[in-house]
Amino acid sequence: MTCRVAAVVALLWSIFANSNADARGPYGSISIGNWQGGAYTNDQSGSFSHCAAGARYASGIYFLVMIDHGGGWSLGFMHEQWSLTTGQAFPLTLTFDGQQPFNVHGVPIADKLVRVPMPSNSSLISQFRRAKAMTAYTQGQLFQFNLDQTGQLLPVLANCVAKIRQSGLASAGDFSVLPTAKAVAAAATPDSAPAKPDKLFDQTGTGFLVSTNGHLVTNAHVVQGCVGDILGNLSGEAPAKLRLVSSDETNDLALLQATGSFKDIATIRDKAIPSGDSVVAIGYPFHGLLTSDFTVTTGIVSSLSGILNDTRFLQISAAVQPGNSGGPLLAASGDVVGVVAAKLNAIKFVRATGNIPENINFAIKTGALRDFLDNSVVPYQISDAKAELKTAEIARNARAFTFLISCKAKAKEKETAKN
């Protein structure tokens, strides 16, 4: 590796820490084939930040893998010819061993660097761990990666985190030398008790048809952890098996498909909805505890951005509850203007501010939805209808394309910000 390349990689570590303060390191070393790295600290606090390793490919792209102090995994892609806007979604299509592609949206954290989070229980990291080859398609370019050494790298990164968490930076050394399988397993799930047999529970959400070929949109977290069949049905009809086509965990979107053809589908509004416009949320909250039919709630678009000015989301006042996730957010014309995704975590908000939040909920904008459908090569209908319908008419039309989605899922710690 040349001095220039080494300097670039050193810069990457400081940026990849994803904080206002630079990272310092590496402490110790990771050396697996072309992968080079170590442990890094927050330059201001001096506390352990993450372990990471990266490699440069002939195509000119740098590829990085990181695990932070809490066990969170991420991928990083950097190219000297990129000119990115920090905070703006960066679409990538990742394919492992030629299997079903993952359409993800990376987060630019510098003008040439994109970070892709990989939740520990996601199908994305599961495929990455097993794969021998990966391709990344973005901005009209296809990048190819040989992952033969990834199986060796991942336990080394976990070993790095385990050693630093246990003994501090004084334990930094050659992390490539693994002590025991038991220590590496402990690093992957720090401070956790021995694994218990998985318990299954009923997981439900909402979805809506976007194509006559049976394609449905929902949230990725609605089908995350599902074991066995994913089922879906229109109100009053028998459940049928759904096929998971693709998912975008960064933007919390998933694409399912039902067998057969359908006449009535949702139309997606061509133009973005402005702040203050009326909206209607359709979904199946608390299914089995409340009504077995879908519910209808109304409100307005309160803001054109989500938490911390996240422009992928709308803030809405229409009430949503667990089970509304993945449901259509409809304009007064009956067209889809968002995908219901989450409500503000009231408990955390009270602890942080001392105030009880009211009517603060979020939906994914149609921009991210249409990008997701385009990347999945799914046809959909757009509309610029301006005529306003009564809420009852909107609900009656939605009955023909809004699905209850259900499955058996592994018990896990619930994310109370999602519905």
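1. Let's start with strand β5. W73, L75, F77 and H79 point one way from β5, while S74, G76 and M78 point the other way, and all of them are buried. Keep in mind as you look around that this is a predicted model.

2. Why call β5 largely enclosed by the rest of the structure? Because seven of its seven residues, 73-79, are buried, that is, under 20% relative accessible area.

3. Next, look at what sits beside β5. Strand β4 (residues 61-68) runs antiparallel to β5, and seven bridges join the two. β4 and β5 make a hairpin, with four residues between them. In that turn you'll find G71, which has a positive phi of about 95°.

4. β5 also pairs with strand β8 (residues 113-118): six bridges join them, and again the strands run antiparallel.

5. Now for the barrel. Which strands close into it, and in what order? There are six, going β11-β12-β15-β14-β13-β24, and the pairing is antiparallel. On average, neighbouring strands of this sheet are turned by 40° against each other, direction ignored.

6. β13 (residues 226-234) and β14 (residues 240-248) run antiparallel and are joined by three bridges. I230 has L242 in β14 as its bridge partner.

7. On to the inside. Nonpolar side chains tend to be buried together in soluble globular proteins. Here the largest nonpolar core has 46 residues, and F208, V217, L369 and L373 are the ones with the most contacts inside it. Take L369: leaving aside neighbours within four places in sequence, L369 is in contact with F208, V217, L253, I268, V336 and V339. There is also a second, separate core of 44 residues, with L92, F128, L147 and V161 among them.

8. Finally, the whole protein. It has eight helices and 24 strands. Of its 419 residues, 47% are buried. Take the contacts between residues at least 6 apart in sequence: 62% of these join residues at least 24 apart. As for the surface, the protein exposes about 19700 Å², with carbon and sulfur atoms supplying 51% of that area.

How values were computed. Residues are numbered from 1 along each chain as its sequence is written. This is a predicted model: local features need pLDDT of at least 70, side-chain atom pairs count only at pLDDT 80 or more; totals for chains, interfaces and linings use all residues. Side-chain values use heavy atoms; hydrogens and water are left out. A nonpolar core is a set of buried Ala, Val, Leu, Ile, Met, Phe, Trp, Tyr and Cys residues joined through side-chain atoms within 4.5 Å. Buried means under 20% relative accessible area, exposed over 50%, partly exposed in between (1.4 Å probe, protein chains only). Contact means heavy atoms within 4.5 Å. Two strands pair if DSSP finds at least two bridges between them. Axes are lines fitted to C-alpha atoms, for helices over the stretch in contact, and angles run from 0 to 180 degrees between N-to-C directions. Accessible areas come from the Shrake-Rupley method with a 1.4 Å probe; for residues, only the protein chains shown count as cover.
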